Amino acid sequence: MSRGGRKKHRECPRRRCIVTGISAPRSSLIRFVVGPERTIIPDVRGNLPGRGIWVAPDAAALERAAGRKLFSRAARMAVEASPSLVNDVDAILSARVVELIALARKAGKAVSGFEKTRALVRSGRAAILFHATDGSGRERSRLPGSRGHATAGTLFRCLSGAEMGLAFGRERVIHAAMAKGGLSDRIVADARRLSRFRGAEPARVPDKQEETESTHDR
């Protein structure tokens, strides 16, 4: 905080994607490093030693980086990218989001189920809303995020019901919401990367929702 009592806003460091050439905050890109055997290793957390190589969170961009030897060019040496690199990155990104949601749940900041999700959004305390990609479109249309009211949070449809279930210790979860504060900023950042990678851009969540008669709480 500055002497005048105002908070200092530090600019997030930016890095350049080796495929698109676009500069972006490093929190919105995916970092890679060269391993001991000159193999490309995903560093989603951004804490592995070595010079970082940055790629936009886009499956097609990653395929181009591997197929056109762009990793070797950036590393200035011959390196190998695994044939399963795209799938590996997808799994790592999704596991990261699930892990953060689980931590938010343990901290009492995340809820799941139709009624609890709707209640948290209506209370105005929700920062993030998740709908499972394999959930019912009809039921989803009756939940917050389906009307054109004023916005209050970010809506993601980037995880399956089984993946969301892992965060809550259940077999399958269709709807979930996270309260403001705590891990919400980190969840948004990582869920945005996963959404872009899976081709599911986030939307916005309305702060009010029309009453429904549904009593489902999956």
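Predicted model: local features only at pLDDT ≥ 70, side-chain atom pairs only at ≥ 80, totals over all residues.

Biologist: Okay, the big picture then. How many helices and strands are there in the protein?

Modeller: You'll find seven helices and ten strands. The protein has 218 residues, and 44% of them count as buried. As for contacts between residues at least 6 apart in sequence, 72% join residues at least 24 apart.

Biologist: Now the helices. How do I describe two that pack together?

Modeller: Two packed helices are described by the angle between their axes and the distance between the axes. Here, take α1 and α3: they pack at about 140°, and their axes are 9 Å apart.

Biologist: What do we call the way α1 and α3 lie to each other?

Modeller: Angles over 145 degrees would count as roughly antiparallel, so α1 and α3 are oblique to each other. The crossing where α1 passes α3 is right-handed.

Biologist: Which residues in α1 meet α3?

Modeller: On the α1 side they are Ala59, Leu62 and Glu63, and they meet Leu85, Val86 and Val89 in α3. Sorted by class, that contact has five nonpolar residues, one charged residue and no polar ones.

Biologist: What's the idea behind a nonpolar core?

Modeller: In soluble globular proteins, nonpolar side chains tend to be buried together. In this model the largest nonpolar core has 52 residues, and the members touching the most others are Phe32, Phe71, Phe130, Leu159 and Met178. α3 gives this core its largest share, ten residues. There's also a second, separate core of six residues, with Val121, Ala126, Leu129 and Leu155 among them.

Biologist: What does leucine 159 touch?

Modeller: Leaving out residues up to four places away in sequence, its contacts include Val97, Val98, Ile101, Phe130, Met164 and Leu194. Ser94, His131 and Arg198 are also among the residues leucine 159 touches.

Biologist: Last one: how should I read phi?

Modeller: Most residues other than glycine have a negative phi. Lysine 69 isn't a glycine, yet its phi is positive, about 60°. Look for lysine 69 in the loop between α1 and α2. Arginine 76 isn't a glycine either, and it has a positive phi of about 60°. Arginine 76 lies in the loop between α2 and α3.

Biologist: Is arginine 76 buried or exposed?

Modeller: Exposed, because its relative accessibility is 75% and the cut-off for exposed is over 50%.

Notes: Residues numbered from 1 in each chain as written. Heavy atoms only, no water. Helix = DSSP H or I, 4+ residues; strand = E, 2+ residues; numbered from the N terminus. Buried < 20%, exposed > 50% of the residue type's maximum accessible area, 1.4 Å probe, protein only. Axes fitted to C-alpha atoms, helices over the stretch in contact; angles between N-to-C directions. Parallel < 35°, antiparallel > 145°, perpendicular 65-115°, else oblique. Left-handed = near helix turned anticlockwise from the far one by under 90°. Contact = heavy atoms within 4.5 Å. Nonpolar A, V, L, I, M, F, W, Y, C, P; charged D, E, K, R; others polar. Core = buried A, V, L, I, M, F, W, Y, C linked by side-chain atoms within 4.5 Å.
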